[in-house]
Amino acid sequence: MSNLSSLSYYIPELIIILAILLVIILDVIPACKKYTFSLSLGAILLASVFLWQSYGESHGLFMGMISIDPFSHFFKMIFLLSTFSIILISRYEKQLDSKYSAEYNALLMIVLLGMFLMSSSINLIMIYLSIELVSIPSYILAGMLKNDKESNEASLKYVIFGSFASGLMLFGLSILYGITGSTDIGVITAALQTIDYPLSIYFPLILILVGFGYKISMVPFHFWTPDVYEGAPTPITAFLSVAPKAAGFAILIRVFYTMFTIDGSVSATLPLANINWPAIIAVASAITMTLGNLLAVQQEDVKRMLAYSSISHVGFMLMAFTIVSPDAVRAIMFYLFIYLFMNLSAFYMAIFASNKLNAHHIDDWDGLGKRNPILCAFMALTLISLTGLPPTAGFVGKFYIFAELFKHQQFYWLAVVAILNSVVALFYYFKIVKSMYLVEGDGAHDKIVAHPVVNWSIILFSAQNLLFFIYWEPLIGFIEKSISLWSG
Amino acid sequence: MESSILTLLIFVPVAGAVLMLPFAMLYGKENAHYYKWIAAITTGIQLILAGILYLNFDPALSIAESPFTVQMNWIAHFNIQYFLGVDGLSIPMVLLTALLSFICIISSWKIEKQALGYFSLFLLLDAGMMGVFLSMDFFLFYIFWEVMLLPMYFLIGIWGGPKRMYAAIKFFLYTLFGSVFMLLALLALYYYSDPHTFSLITLIHTVGSIDAEIWGISVKYLIWISLFIGFAIKVPIVPFHTWLPLAHVEAPTAISVILAGVLLKMGTYGLLRISYPLLPGEVVNFAYMLAVLGVINIIWGATNAIAQIDMKKMVAYSSVSHMGYVLLGMAAVISDSPAGAQAGMNGAVMQMFNHGTITAMLFLLVGMIYERAHHRWIIFPNDYEKPELAGQQGFGGLGAKVPVYTGFVAFAFFAGLGLPALSGFISEAMCFIGGFSVFRTLTIIGTLGILLNAIYFLRAYQRIFLGPLNEAYKDLTDISHRELFTLIPLVVLILFLGVYPAPLLDMISPAMDGIIKIVQSVI
C-alpha cells in the first residue's frame, strides 16, 4: 500500500504521535501544563477505541514496511493498557518529581509508539528502528530520578548493554541482508528456502537473537535487568518488566515464524530444517528460568526479587517457543496477557509499600497483612498466580505451556526442569506472603490506606487471576483469532 | 436434589467463608463469635448433607449409573469437565471429611486470634478436601489437590507453634514438589490417551493401549512414577515423611486432626483412585515394592514413636506407622486368592477411615492437655527452658485427678494399638490377612508393628496417668462438655465399627472388587 493511503489505517499511531507533540508543546506553556496528564490518558483511550474498531483487518502499510494484523493488534492492546495504567499510577508515586511529569509522559508515549512499530514491523530496517525507538526513551526513563545514584547507574548500564546488543543485532541483520539480498522478511523467507549453505544462517540467527534476547532479558543477555529494575523508579520498573518484554516477544515470534518456518511449522524438506533453532531456544529457556529463579531466591529486596523472577517467567514463555506451532504461540500470548496483570499488580503493591512505609526490604513488609488486609489478600493472590498454583490464571498459563510440550512430545527434559523451577519459585514468592501474614511485625497495627487509584489498580489487576481461572475460554478464543496469521 | 448434593458438599463451605465477609464489614473482625457460629453451621449442614448422601447411597451402582453423578463441560476445548461422582472408595472419605471438619470447628471454639481468617481458611480447606474426594476428572482433582495446600499453609503458619513458619513452608514445598510431578503425569495421560480426556472413568479404558516410550522408558512406567512421587509424599511413605512430624507438631490441634485424619488419606486415596485402575500393569510390578515400603513405614513409624518424648510427635509418628498398614493391604491386590485380595483392599480402605477417627481422637486429646498444662512433654527434654525440670517426667498420676479424660485417653490409646473390639483391630487384621496371602515374610515382620505400637502407647499412658500425682497439676480441670461433644461421636464410631464393621465394609467392597478385577486382569 502506498504511503498516503496507508495513513487511513494508521490512525491509532497518528493519535499517539499527535499527543506526544502536544504534550511537549503544552509543557512549555505554564497555563496549560496541568493538562498534559489528562491529555496523555485521553490520547491513549482514543487510540484504544480506534484500535478496537479496526480489529480483524490485515494490511501491509507504507510499501511493506509494517503490517497491521490481528496479531499486532493483540499486542498493541497490551501496550496501550500497560502504558495507560503506568501513566496513571506514576502520578501517585512519591519518588517521581511532578516537575518532569510532562516529559515523563511524553517519553512513555514514545516508547508506546516504538512498541506499536515493533509488533508490526516486517522489514529489517523497521525492526531495528522500532527497537531503538523503544530503547532510547527507556534509557532516559530508567534515569528519571536525577539525584538518585542508583537510578543514574541503572540508566548508564542500560545504555551500555542496550547499545552493545543492538549493535550485534544490526550486524546480524546486515549479514542476513547479505545472504538474501532483501530487507523484507517475506522476501527473505523465500530466499532462505533455496539457500545453498543453510548452516550460514546460524551466525546471523544468533546475532539477531542477542538483540531480541536483550529486550526480553533472556539469559545470558539479562545482566542489565536486576540493576536497571532496582535503580529505575518503580513504575518504570513495572513498565519495563511487562510492555517492552511483550513487544520483544511479538517481534521474536513474528520474525522467527515468518522467516524460519513455512505456515507455522518446520518442514523437513526445507534447507531450513537443518537449522535446529528450537533446540537453541530450549537450552536458553532452561538456563533463563533456572538462573532467574536461583538468583531470586537470594534476594532480600522486593523489587530486585521481582526483577529476577521476571527473568524466570521469560524462561517459561520461551519454553513454549521451542515448539513450532500456532498453538504454542497461543500459549505464549495467553501467558503474556496474564503475566502483564499479575506482574503489574505485584509492582503496584511494591509502590504502595515503598510510598507508605518506605519499605524496600522484604522484612519491611512484616505484619502488613494486618495493616491493610484487603490489599494484602489480593497481593497474596497475585503471588500465588506468579508461582503458578491453582486457583489462579497463572496456573492456567503454565498449564498451556506444559501442554504444548506434551502435545508435540518434545523437550520433556525441559518440562521437568520447569516443573522443578516452579517449586523453587514458591519458596521466594512466599517469603513475601510470610512477611505479610506469618510474621507478627513490630507491633504497629495502625491501618494504612492506599490512594483509591493505586488501591483499585491492584485489586482489579489481581482479581483477574481468579476470573481467568474460573473461565478462560473467551480469552483463548480471542487469542486464537489473533493468530489466524499462522493457523490459517 | 440428588444431582446437586455433591456440588453442595463442596460449595457450602465456600459459601460459608464468603458469608463471613459481610459480617466482618458490619461487626468488625474482632468479633470471633459470629465466625465460629457460621463455621459450625456450615460444617453442620455439610455433615447433614453427607448423612443424606450416606442414607441414599447404593454401593452396587457404578459412578456412571449413580444418581449423584454430575458431569458438565467446563473448558470445552481442553475437554475439561466438572465431573463429580461418588462410589464405595470415596464415600468413607467424604463422611470422614464432613465429620472431622465439624468436630474440628467445635474443638477450635477457643480460637480468638484472627478468628475471621482462621474459620474462613478452614472452610476453604474443607471445600478443597471434599473436592479431592469427589472429583472424577483428573484436572479437577488436581485443582482441588493444590487449592487445599494454600489454606493449610496459612493455618499452620499463622496459628501454629513456635516453629510454625518453617513447618508451613516445608509442608508446602514438599507437597508441591510431589504435586508438580502429578501435573506432568496428568498431561501425559491426556495427550497419550485417545481420545484426549481427563475423565478418570474414560481413562480406565484408554490408558491400556498406550505403548509409547520416552527416553527408552515406557510412558506408563513414567506416569506411574510421577504419580507415585506425588501420592507417596502425601501418605507419607518413608523416606518422604520428614515434613509430617514437623507439620503435625507445629499445627494447631484442629489442623493436626485434619492433617492426620484426612490429608494423609489423600495419598492412598489417589493411588487407589488413579494409579490402580489406570495403570494396573505397573501396580502388579510395583506391588512388592509397595508392600516393602508399607512394612518399612510400620516399623520406622513405630520405632520413631517409641523414641519421642513429645506426646504430639509420638502421635504423629504413630500415623506414619498406621499408614503403613494401608500400603501393605493395598499391595495385596495381586494376591492369587480372591479372599486375600479382597481382605487386603477392603482392609486398606477401612484402615483409612478408622485411622482417621482414631488419630483425630488422639490429637484432640493431646490438644486438650496442652490447652490446660501449656506443654505436652511426656518427659521434659534436656535443653528445656526451665533447667530444673529437664529430664523430669512431664506429667504423672493424672488418672486420679482427671478420671474422665484419662478414660478417653485409655480408649484412644487402646484403639491406636489395635485392641480387639475396637475398629482399628478389624482393619489392621484385614490388612495383615491380605498381606499374608502374598508376602509371608514381610507380613510377619509387619506384625511386629503391633507390638511396637503397644510399647509406646502403654508406656506413655503409664508415665502420664499412673503413679503419684505430679503436684504441679493438682488444679487440673477435667474434660468440658464441649470437649465431650467432640469426642463422643468418635468413640461411638470406633466402638461400633469395632464390633460390627459390616455397614462400612458393605459400602466399600463392591468398589474394591471393581479395582481388584481391573488389576487381576493383567496378571
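User: Hi! What percentage of the 488 residues of chain A count as buried?
Analyst: In this predicted model, 57% of them count as buried.

User: And how does its radius of gyration sit against a compact globule?
Analyst: It agrees: a compact globule with 488 residues would have a radius near 23 Å, and chain A has 22 Å. The C-alpha trace spans about 70 × 55 × 40 Å along its principal axes.

User: What is the secondary structure of chain A?
Analyst: Chain A comes to 21 helices and two strands.

User: Switching to chain B, how do β1(B) and β2(B) run?
Analyst: They run antiparallel, joined by five bridges. N73(B) stands opposite Q81(B) in β2(B). The two strands form a hairpin with four residues between them, and N79(B) in that turn has a positive phi of about 60°.

User: Why is β2(B) largely enclosed?
Analyst: Because four of its five residues, within 80-84, are buried, the rest of the structure largely encloses β2(B).

User: Nice. Now helix α18(B): what should its 26 residues span?
Analyst: At 1.5 Å a residue, residues 440-465 should span 38 Å, and the end C-alpha atoms are 38 Å apart, which agrees.

User: Which of its residues are buried?
Analyst: Among them are L442(B), G446(B), G449(B), Y456(B), F457(B) and F465(B).

User: What covers those?
Analyst: The cover over the buried residues of α18(B) includes α12, α13, α15, α16 and α17 of chain B.

User: What phi does G467(B) take, just after the helix?
Analyst: G467(B) takes a positive phi of about 85°.

Notes. Residues numbered from 1 in each chain as written. Chains lettered and ligands numbered in written order. Predicted model: local features only at pLDDT ≥ 70, side-chain atom pairs only at ≥ 80, totals over all residues. Buried ≥ 20, exposed ≤ 12 C-beta atoms within 10 Å, placed from the backbone. Pairing = 2+ DSSP bridges. Expected span 1.5 Å × (residues − 1). Contact = placed C-beta atoms within 7 Å. Rg over C-alpha atoms; globule rule 2.2 N^0.38 Å.
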